[in-house]
Amino acid sequence: MPFEPIRPKDDPRVTHEFAVLNGRKYHYVHGLPQQQPPRATILCIHGFPDLWYSWRHVIPGLLAMGLRVIVPDMIGYGQTDMPIVTSPESYAAYSWKSSSDDMAALLAHLSIPRVILLGHDWGGAIVSRIYLHHPDVVSSIISVCTAYYPPMREYMPIAAVARHIPSFTYQVAFCDPQTERDVKTPEDIGRFLRGIHRGLGDGFDGKIQVTADFMKELGDQPRGKLMTEEDLAYYVEQYSRNGMHGPLNWYKCRYENYLDEKDLETATIDVPYLYVAATHDIATPPSMAALQSKFIPNLTERSLKASHWIPEEAPEQLLEILQEWLGRTGFGSHAAVDEPKL
């Protein structure tokens, strides 16, 4: 049965909390299951252009499984701090390692020794990096739509990447300062979000695989099925707090990510790992997962007929996959044993 999604501001199933992590203030949503003690804790990481709220359909199902649920707004998003980039060095606040360190600090703040990680889009990249930089805090990993790509040993700018991976061409436009300048007002933000958050059958008249003039090519799309008017209003409100500077910086720190990863000793992930692909994903298609099994010995792969936005488009099917896989892997058995008293 489908669950009633979490409301953005006044839902008794979760609380809204704040913590200062490595000098930055984070907002996160915290949910406790009726079952006590919880089976384990699951940390959910969103991507772009999203918020904690992208997991609104999934959180109730995770709580029903007996899981404690932690869902932050990532750096630059929502009510979490947005560091201003004034020089190339300051992009480091948006690097994968920086976010991984912040998530490890959040777990320490909450006295949680080990977690199940669940990520979508950029969050799917972060969950693997949390493991690479802080393996002791991870019991198992779930990545939705984002295939695992190992640490970069040689630097390649995004323009060169896009020539090899055409589905990443839009990232060139996201790195263009013009895109940030073109998404300033609530009206612009709403148009951007309506154009990006589109599911199967929503139709699309614009273009996103462009290297410049992204908003011009995106056009003015009607709201798709993935968001209600209330959902869209909440997204616009949260993105209007600080604009697109923070979220777009996630695309501009490839060099910082390279510096952080080029000397990592291993690229192997040695915990149970579930990858859930979307068959109609135009940004991160399933073909990108062809080589990940070389680096993940305990890999399970599943797919759903959906667009890139599985947590919003197919949450019931995703939860079925999660329940089966988590049950088979013991719901992160280490986390269940080590879970602190609440």
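Trainee: At the start of helix 9, which backbone nitrogen does a side-chain oxygen of Thr228 reach?
Mentor: The one of Glu230, to within 3.3 Å. Helices here are DSSP runs (H or I, at least four residues), numbered from the N terminus. Keep in mind that this is a predicted model: local features need pLDDT of at least 70, side-chain atom pairs count only at pLDDT 80 or more, and totals for chains, interfaces and linings use all residues. Residues are numbered from 1 along each chain as its sequence is written, and side-chain values use heavy atoms, with hydrogens and water left out.

Trainee: And what follows helix 9?
Mentor: Gly243, with a positive phi near 75 degrees.

Trainee: Which residues of helix 9 are buried?
Mentor: Asp231, Leu232, Tyr234, Tyr235, Val236, Gln238 and Tyr239. Buried means under 20% relative accessible area with a 1.4 Å probe, protein chains only.

Trainee: What do the buried residues of helix 9 pack against?
Mentor: Helix 7, helix 10 (245-249) and helix 12 (310-313). Contact means heavy atoms within 4.5 Å.

Trainee: Which residues of helix 7 meet helix 9?
Mentor: Pro186, Ile189, Gly190, Leu193 and Arg194. On the helix 9 side they meet Leu232, Tyr235, Val236, Tyr239 and Ser240.

Trainee: Switching topic, which residues of helix 11 are buried?
Mentor: In helix 11 (residues 254-261), Glu256, Asn257, Tyr258 and Glu261 are buried. Their cover includes helix 2 (96-109) and helix 3 (122-133).

How values were computed:
Helices (H or I, at least four residues) and strands (E, at least two) are DSSP runs, numbered from the N terminus. Buried means under 20% relative accessible area, exposed over 50%, partly exposed in between (1.4 Å probe, protein chains only). A polar contact is a pair of N or O atoms within 3.5 Å; within protein, one must be able to donate a hydrogen and the other to accept it, and residues adjacent in sequence count only if both atoms are side-chain atoms.
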